[in-house]
Amino acid sequence: MNTDNTNRDMHYLQLLATSFPNVAAASTEIINLEAILNLPKGTEHFLADLHGESGAFQHVLKNASGNIRRKVSELFKGDIRDAERRELCTLIYYPEEKLQLIKEAESDIDDWYHITIHRLVAVCRDVSSKYTRSKVRKSLPQEFNYIIEELLHERTDDVDKAAYVSGIVDSIISTGRADDFIVALCNVIQRLAIDQLHILGDIYDRGSGAHIILDTLRQYHSWDIQWGNHDILWMGACAGNNACICNVLRLCLRYANLTTIEEAYGINLVPLATFAMETYGDDPCTEFYPILLKGNTMEDKYQRLTAQMHKAITVIQFKKEALIFHRRPEWNMEDRCLLENVDYERGVCTIDGKEYDMRSCHFPTIDPQHPNELTPEEHQLMEKLHHSFRVSEKLQKHIKMLLSHGCMYSICNQNLLFHASIPLNADGSLKEVELYKGKKYSGHELLHNIGMLVRAAFESDTDQELRLYARDYFLYLWCGRESPLFDKSKMATFERYFLTDKATYKEEKGYYFQLRDSEEVCDRILDAFGVTGTNRHIINGHVPVHVAKGENPIKANGKLMVIDGGFSEAYHSETGIAGYTLVYHSRGFQLVQHEPFMSTEDAIRRGIDIKSTTQLVELSAHRMRVADTDRGVELRNQIGDLRQLLYAYRHGILKEKK
């Protein structure tokens, strides 16, 4: 008999006894937990590659990827007209705004209140049916929790209760609380329609609302994120990696997205604008003009200034990247120091022994003998930009959120979630990738240790040498060949800006992207991460699915689901759609394909929802219950511990307390 284990078990039971001091308390908890095991599985939503599209993101959260509209249709089909169902849905999504419009147009508002409150209670009852009363109660607003709970559990088809329910509704209206009550009820419906939200990376870049998405998530009840390459870039900038700072600014200038930089995070771009005008005032900067997305207009003079700023920060970026690549020769990235390969007199760049013509060769801040050295003015500019990123309180808060809610991967209910790839060899085996001080890892260990390295960059008590390496490593994660967030032969940023030959733009994808349609390879990855079960899957984003060209997001005989359908407007013409949402509820997986979101105003005034097409990916043989989930495993373990506690009480090992 192992005395140490016995002592530990006894100590644990004594701790458990403080919460459940007698047989009655322990028995009641066992009954509660076993009842929860038989409830339907909560609905999980998976989103990827939001890229700052805050309007579409918020609408998808509000309509639960069309799930609320489906429930309203099922509940009231044949009872109310389609226009009324559409208006009810819009009210649920945008209660404050829709109420204002309805009150302006409705002649008998009290009658409308009566009808609408009863309908909303019916919808709320439906979405709450898979949860315990305790969980629903915790979701209710404090000022209306008793009233909503009463309405949810009393039915008007019971003659004895009809007058009671009607009296509650009458009182809500007569006391002038109808608007507040409706808003509260709509928010509860939105809250209960999604049990867990998974974001598979890339909140940042391209669109202008990344900060709005993060502000929304800060208030959200339950979410997690698997970091994407664009998230890592901003995390690196926040940690003080100057090459990442340059990349962040370059992308914002490329898409004329300065709202997030200036207004949300308070980054002062005046020094960059001043430097750009002085340095590139006589440069046409043709290849650096911004890409203007929908609704983004800009006067010619501001487009020109943006182009000048764009070029200025891009040149500094290549210099800063080269310094890190030379400092970390073990990354084998020194061939990407392309400023060293330019013949500035002849206007050509040599890559792999072949000369390529430059689009332009106007580099007033480059010394051909020392091309990677910053001028004193560039150095001073970077110090100011570095300071702005480091002292931005809101940026620091948002990055802390990504750290506290995120990691490189997650395993949830037999699903392996990550943003982009798992480095593989040509034969599909897991590739070992070198990290800090020559240590090599693959698969699960690789992603875990990268996650630890990312966190080390933000921890003040980290060894100084490790912290500096971790800060540099953000750049490798962004563009390194063996980075699980990039996994390509190169990032052809320099070539796209400066070389005329488009053949140099090609970025060869890693073996993961070449082999991910193989069920055997997917099984090998799942095995390596310890994901078990007959219905296990890999879910990731990163590479937009080209639906318009016939590409299928479901790969490897259903083992892999790629849910980057192009939320960002920049991808709409490329993918043919405007994003995917994967929904995993008690009956199986549904992939929801979205068309572009028009506007919040259209949604409110005209009841225009996102047009979505639902594809049934996998139907469960039986309705899944909590017992079939990771939560079920936890609850069964708790039940086992409580049964041991009961045994200890009943055999006198522990004494009961009142």
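Predicted model: local features only at pLDDT ≥ 70, side-chain atom pairs only at ≥ 80, totals over all residues.
Strand E5 (residues 348-351) runs antiparallel to E6 and is joined to it by four bridges, and the partner of Val-348 in E6 is Asp-357.

Residues are numbered from 1 along each chain as its sequence is written. Local features need pLDDT of at least 70 and side-chain atom pairs count only at pLDDT 80 or more, while totals for chains, interfaces and linings use all residues, and side-chain values use heavy atoms, with hydrogens and water left out.

The structure also holds two cavities of 30 Å³ or more, a cavity being a set of points, on a 1 Å grid over the protein atoms alone, where a 1.4 Å probe fits but cannot get out, with lining residues having an atom within 4 Å of a point. Grid points are joined across faces, edges and corners, and a volume is the space filled by probe spheres set on the points. The largest cavity contains about 130 Å³ of space, and its lining includes Asn-247, Met-333, Cys-479 and Lys-490. Helix H17 (300-327) and helix H22 (493-498) are the elements that give two or more residues to this lining, and H17 provides the largest share, four residues. By class, the lining of the largest cavity has six nonpolar, three polar and three charged residues, where Ala, Val, Leu, Ile, Met, Phe, Trp, Tyr, Cys and Pro count as nonpolar, Asp, Glu, Lys and Arg as charged, and the others, Gly among them, as polar.

The second largest cavity has a volume of about 40 Å³; H17 again gives the largest share of the lining, three residues, and the lining comprises six nonpolar, no polar and two charged residues.

Finally, a search of the whole structure finds zero disulfides, a disulfide being a pair of cysteine sulfur atoms within 2.5 Å. The sulfur of Cys-244 lies 8.4 Å from the closest cysteine sulfur, that of Cys-479, which is too far for a bond, and Cys-244 is buried at 0% relative accessible area (buried means under 20%, exposed over 50%, partly exposed in between, with a 1.4 Å probe and protein chains only). For Cys-285, the closest cysteine sulfur, in Cys-361, is 14 Å away, again too far for a bond, and Cys-285 counts as buried at 1% relative accessibility.

Conventions. Pairing = 2+ DSSP bridges. 1 Å grid on protein atoms, 1.4 Å probe; cavity = no way out; pocket = protein on both sides within 12 Å on 5 of 7 lines; lining within 4 Å.
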